[in-house]
Amino acid sequence: MTNSKLTKKEKTSKLDVARYVLLGICLIPEGIVLVTFLCYFIFYLIPEKGISKVLHEQDIDVWCLLAVAMFLAITIAGLIRTRRKMKAVLLTGFLMKVAVFLTLMGMLIREDDVSRSVPNTFFGIAIGIVVVLFYIFNSVKETNPKNNKPPKFEAAPRRIEFNGFDVEGARARAREEYLYLHNKNPEQLTSDDNYLIDRYAVGEVAYLVTWLVRKGFVSESFKKKCKNSSEINKYFFDNAVVSHSDPAVFVLQYLKGNLRRSDVKKEIHFFLDYYVLDPDEKYLRFTHPAPDTLMRINADVTRDRYLFDYYRYVVSAPEEDIRVMYCRAFSWERYRIFEKILDDRYKDVVLFISEGRSSRSIDKGILHSNVYNADLKIIIKDGVSDTYLKAICDSFDPDAERITTELCERISSEILPGQGVSAEAIMGGLSPFELEIFKPISEEEKGYLVTAKIDGLENKYPDHYTKETSGVIVCWIIRGGVLVSVHPLFGSYSPWDFEETYLYKRRLGRTRDRSELIKVRTVPERFINQPTDYIYMSPEMSEIKNYYDSMIEALMMKGLVDYYDIQVINDEKYDIPRKLVIQGHSITNIDKIVISANILL
């Protein structure tokens, strides 16, 4: 995983090199001419006439000086635009210089004994070039892929590509940890110690390489590095044959300690770019519940990163009463757990880049609800069994009888606030028309999404299902018989998505008796040098806190976070926490907040 500073650099193309050369050639003579003019002004013209007289008379030398300065400024701007990967750099620079030259010529001859039409012609052509430049810049802006992407992809622009892990940084941190664990000084390290440190440092690489090899995602270039030997692959990556095999040794011996983009098939480069890159700090801001769809998408995309998963499923378990982050041998037991996570992440990214969940929809007929006296179209996703489908259909009306009153009250207060629509009026016009069932996390836990229309109200929300203008479209999610969330029709969210899971656990936590709350450290154990307090919270909300604590610890492991900060905001009436503000700070970056999460309990 590349360092955050290094990943922001993009490769310099051959065209960029040509631009740098041409602009550099222009820069030298323009700079010499400008310096010459300045010296001429300072030593000859200004002492003779005085600067005020020179400017007042608008001497020819003044216009020439301004033109040369503009030429130089345009060249420098071209170099900056090339560095920023902007388009049409040479063309626009040339046109701007032509416009400056024509303007200069018009100014020089406007007071000479010539027809006014001559300088006006120069000015007119210059203005025409400026108009052309305006359209060129506007066209480049409109064709920028970043602006053309739909909202789903604006959540996480992928202009940075995966090109390897930050192995040198990992080696430095593994060395520090090794010295601490073995109570040694750097001078005491032997060649065996250094080799062991190298093996520890590539652990993060080894787990991903193992998954890639076992899934057949490695390229021909990768196979050539290990001499196309199936026996080598079998020895290092088949734990069923050789239980003591260590993929970290393979990474050191054949991959020189790192995984390169060329080692992976091109078909899954998109997966590396979305999942394996370090998360962008811009999107490490989490609020529950998310105030808008875009923020929710940002959060969902950013939370699922290789860095966080690797820490959570491989690193975070304590070992021999000492919690180490690097100095641990490759574990096939942990790999088997981690492999399932990688499989799921790969499927999620494929689904995200494709047309979304709707591309996996299957029509399963109609369900009639006696409670609502309505027929609902049943839509299921891949992985939903007939047994699970029947269980959902059987539970629909019992769930409806239990939650409808609360549902209508929440629609009135959350979806239609300030419109004076009573819960009774909503109940009279509520008509569900679609039941959406996603692949469950377990066959025992029931969850589904309902889409409904409320007749008799003005439609102020987008209706993606019908062309009617009357009626309000709303959705709600049921999980375990509990009304989890209610929202206008802005997306098709699974009951198992992180945000819905959070809302579900929050609801369960609120039903806990005070005696059922558990005592929790405010500061995680990993931040051993920071003092901690203790608070009482529900087990469900403790899980959510631990989730974000783990993310902050993972960033600390990468050297991106230095210390942990938490603010506990208590309820006004009761001495129990109602909100947590969790943050990870970087001291080296002027006490910058790298990650933050606002959690409503």
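These legends walk through several close-up views of one predicted protein model. Because the model is predicted, local features need pLDDT of at least 70 and side-chain atom pairs count only at pLDDT 80 or more, while totals for chains, interfaces and linings use all residues. Residues are numbered from 1 along each chain as its sequence is written, and side-chain values use heavy atoms, with hydrogens and water left out.

**Figure 1. The whole chain at a glance.**
The protein chain has 22 helices and twelve strands; helices (H or I, at least four residues) and strands (E, at least two) are DSSP runs, numbered from the N terminus. Of its 601 residues, 47% count as buried, where buried means under 20% relative accessible area, exposed means over 50%, and partly exposed lies in between (1.4 Å probe, protein chains only). The accessible surface comes to about 31,800 Å², and 55% of that belongs to carbon and sulfur atoms; areas come from the Shrake-Rupley method with a 1.4 Å probe, and for residues only the protein chains shown count as cover. Among contacts with a separation of 6 or more, 65% join residues 24 or more positions apart, a contact being heavy atoms within 4.5 Å.

**Figure 2. The largest nonpolar core and a second one.**
A nonpolar core is a set of buried Ala, Val, Leu, Ile, Met, Phe, Trp, Tyr and Cys residues joined through side-chain atoms within 4.5 Å. The largest has 141 residues, of which Y306, I411, L435, I437 and W476 touch the most other members. Helix 19 (residues 386–415) gives the most to this core, with eleven residues. Look also for a second, separate core of seven residues, including L95, A99, I129 and L133.

**Figure 3. The surroundings of L435.**
Which residues touch L435, once its neighbours within four places in sequence are set aside? They are L367, L376, K377, I378, I379, I392, F396, Y448, L449 and V450.

K381 lies in the loop between strand 3 (374–380) and helix 19, and E436 in strand 4 (residues 430–437), so the pair ties together parts that are 55 residues apart in sequence. Both K381 and E436 are buried.

The structure holds 33 salt bridges. One of them joins D263 to K225, with the closest N and O atoms 2.9 Å apart. D263 sits in the loop between helix 14 (247–254) and helix 15 (269–276), and K225 in helix 12 (residues 220–225), so this pair ties together parts that are 38 residues apart in sequence. D263 counts as buried because its relative accessibility is 0%, whereas K225, at 32%, counts as partly exposed. Elsewhere, R296, D300, R303, D497 and E500 are linked in a network of salt bridges.

How far apart are the end C-alpha atoms of helix 22 (residues 539–557)? They are 26 Å apart, which agrees with the 27 Å that its 19 residues should span at 1.5 Å a residue; the expected span is 1.5 Å times one less than the number of residues. The helix is mostly covered, with 16 of its 19 residues buried. K545 and D549 form a salt bridge, their closest N and O atoms being 2.7 Å apart. Since K545 and D549 are four residues apart in helix 22, about one helical turn separates them, and both are buried. Just after the helix, G559 takes a positive phi of about 80°.

**Figure 4. Helix 11, another mostly covered helix.**
The 13 residues of helix 11 (residues 203–215) should span 18 Å at 1.5 Å a residue, and its end C-alpha atoms are 19 Å apart, which agrees. Eleven of the 13 are buried, among them E204, Y207 and W211. Just after helix 11, G216 takes a positive phi of about 75°.

**Figure 5. A nonpolar patch on the surface.**
V17, V21, L22, I25 and L90 form this patch, with about 410 Å² of accessible area together. Patches are made of residues with over 30% relative accessible area and no salt bridge, like charges being joined within 9 Å and nonpolar side chains (Val, Leu, Ile, Met, Phe, Trp, Tyr) within 5 Å. Helix 2 (residues 14–49) gives the most, with four residues, and I25 has its place in that helix.

Terms used. A salt bridge is a side-chain nitrogen of Lys or Arg within 4 Å of a carboxyl oxygen of Asp or Glu.
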